[in-house]
Amino acid sequence: MNREDLLKVTNEFGSPVYVYDADKIISQYKRLNEAFKKVKHLRLHYAVKALSNLSVLRLFNELGSGLDTVSIQEVMLGLKAGVSPEKIIYTPNGVSVEELEKAVELGVQINIDNLIVLEQFGAKHPEVPVCIRINPHVMAGGNTNISVGHIDSKFGISIHQMPHILRIVENTGMHINGIHMHTGSDILDIGVFLHAAEILFDAAKNFKDLEFLDFGSGFKVPYHSNDIETNVEELGEKLSIRFNEFCKDYGKELTLAFEPGKFMVSEAGQFLAKVNVVKQTTSTVFAHVDTGFNHLIRPMFYGSNHEIENLSNPDATQRFYSVVGYICETDTFANNKMINEIREGDILSFKNAGAYCFSMASNYNSRFRPAEVLWYKDKAHLIRKRETFEDLVHNQVELKFDLNKKQSLEKEKV
Ligand SMILES: *Cc1c(COP(=O)(O)O)cnc(C)c1O
């Protein structure tokens, strides 16, 4: 997928548009498999929430991947994409009993992260195997918004509540088939990961009939050219040894599971937008693109860095720009960035736009959500059409008012 290919995509499908490179998704999937080749049974569950397009889910299914889902709607998307229910793990947080019942009906692997739910579920469905989400209280990454394993996190059952978990399991006779943790995004320090893994091994010893241990995700990907990323090869080496030792002690070959989202799709994605206006002010040059945080919220929401390339002017000298959007809200994509000279009409590419970009897009300012394109076998395939005005209004019910009718107004007063 080179510069010319990307420009062709905007010519054909308009802007703004998300483009994903299938080859990159495939190579990331294979890379993680390769890193854990010493483990006999490895299962990767791609985290649907990162990028939930059906064609992308189909691609993962073809690769042999399972899915990690956090809502019943994601489960349904996975099933629709052809993934078999045993390969879908459902890890909800604070959902209703009805939603859990639906998951039982659909036959997916349920992962419970709350003691009360565990107790109620075990009493009602002792025969349904359940995985337990443990909170190991390990701090991942530097940002408390994306770190979900620390002491005040709402996710998981505290490792300190193990005696209570065991009592519930005994009282209900339920079958625990997996132990899970997910400590959050952007774990750079493999030591942190391995430390959390030891806590999971300890927890696992309490259960006799396990089939898998799920280490969640949190792999960090590079966000700019000199950025560091999680060394998955080193993690694979070290964790595989410990996992194999654990299985030996446990007396059974368990499955090692991961559920990466960002690692699988972040770098495969680019978001292409057109420059509407270049505006000089007393302090900077603004480049206004035909999108905003309604379509790509990560810079404003998490302070994330997305590298920007001017696809239309590759040989020009670089200047400093502030790249901003077109919605009525501060929507800065980048401040004071060196970019090849930008002219009105140029196409800019935002990198690392595969994960948590389209899936977090909204209709704010009543803008249409962008199209999505999958670059597969040297060809652009449209995998989601750009929205239309019809999409904006089709669920709305237009109330008819008649404010001049006295009677109805008086009735309301009574
Ligand atoms: C979001 C999420 C993931 C994926 O996290 P990434 O940082 O995108 O790899 C995995 N497991 C669970 C339970 C999640 O909520």
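Y18 and F271 are both buried, where buried means under 20% relative accessible area, exposed over 50%, and partly exposed in between, with a 1.4 Å probe and protein chains only. The model is predicted: local features need pLDDT of at least 70, side-chain atom pairs count only at pLDDT 80 or more, and totals for chains, interfaces and linings use all residues. Residues are numbered from 1 along each chain as its sequence is written, and side-chain values use heavy atoms, with hydrogens and water left out.

**Aromatic pairs**

Rings of Phe, Tyr and Trp (its six-membered ring) pair if their centres lie within 6.5 Å; planes under 30 degrees apart count as stacked, over 60 as edge-to-face and the rest as tilted. The count by this rule is 18 aromatic pairs. Y18 and F271 make a stacked one, with 4.1 Å centre to centre and 20° between the planes. This pair links distant parts of the chain. Y18 sits in strand β1 (residues 17-21) and F271 in strand β11 (residues 269-280), 253 residues apart. Ring pairs also build a cluster. Its members are F36, F193, F201, F215, F219, F243, F246, Y250, F258 and F263.

**Overall form**

The protein has 13 helices and 18 strands. Helices (H or I, at least four residues) and strands (E, at least two) are DSSP runs, numbered from the N terminus. Along the principal axes, the C-alpha atoms fill a box of roughly 70 × 65 × 40 Å.

Of the 414 residues, 51% count as buried. The accessible surface comes to about 20000 Å², and 50% of it belongs to carbon and sulfur atoms. Areas come from the Shrake-Rupley method with a 1.4 Å probe; for residues, only the protein chains shown count as cover.

Contact means heavy atoms within 4.5 Å. Among contacts between residues at least 6 apart in sequence, 68% join residues at least 24 apart.

The protein carries 45 positive and 54 negative charges, and their mean positions are 3 Å apart. Lys and Arg count as positive and Asp and Glu as negative; His and the chain ends are not counted. Each charge is placed at NZ of Lys, CZ of Arg, CG of Asp or CD of Glu.

**Backbone details**

The peptide bond from S15 to P16 is cis, with omega near -5°. P16 lies in the loop between α1 (3-13) and β1.

Y356 has a positive phi, near 55°, although the residue is not glycine. Y356 belongs to the loop between β16 (347-350) and β17 (371-376). N365 lies in the loop between β16 and β17 as well. Phi of N365 is near 70°, again a positive value in a residue other than glycine.

**Selected residues**

The table lists relative accessible areas.

| Residue | Relative accessible area | Class |
|---|---|---|
| Q28 | 3% | buried |
| L374 | 8% | buried |
| Y356 | 14% | buried |
| H288 | 22% | partly exposed |
| N365 | 30% | partly exposed |
| K405 | 54% | exposed |

Q28 is placed in helix α2 (residues 22-35). Leaving out residues up to four places away in sequence, Q28 touches F263, M264 and E267. F263 is also one of the rings in the aromatic cluster.

L374 is found in strand β17. Beyond neighbours within four places in sequence, L374 is in contact with Y20, A22, K379, A380, H381 and I383.

H288 lies in strand β12 (residues 285-289). Not counting residues up to four places away in sequence, H288 touches K274, V275, N276, V277, K279, V324 and G325. H288 and D189 are 99 residues apart along the chain, and their C-alpha atoms are separated by 38 Å.

K405 lies in the loop between α12 (389-393) and α13 (406-413). K405 and F207 are 198 residues apart in sequence and 70 Å apart in space, C-alpha to C-alpha.
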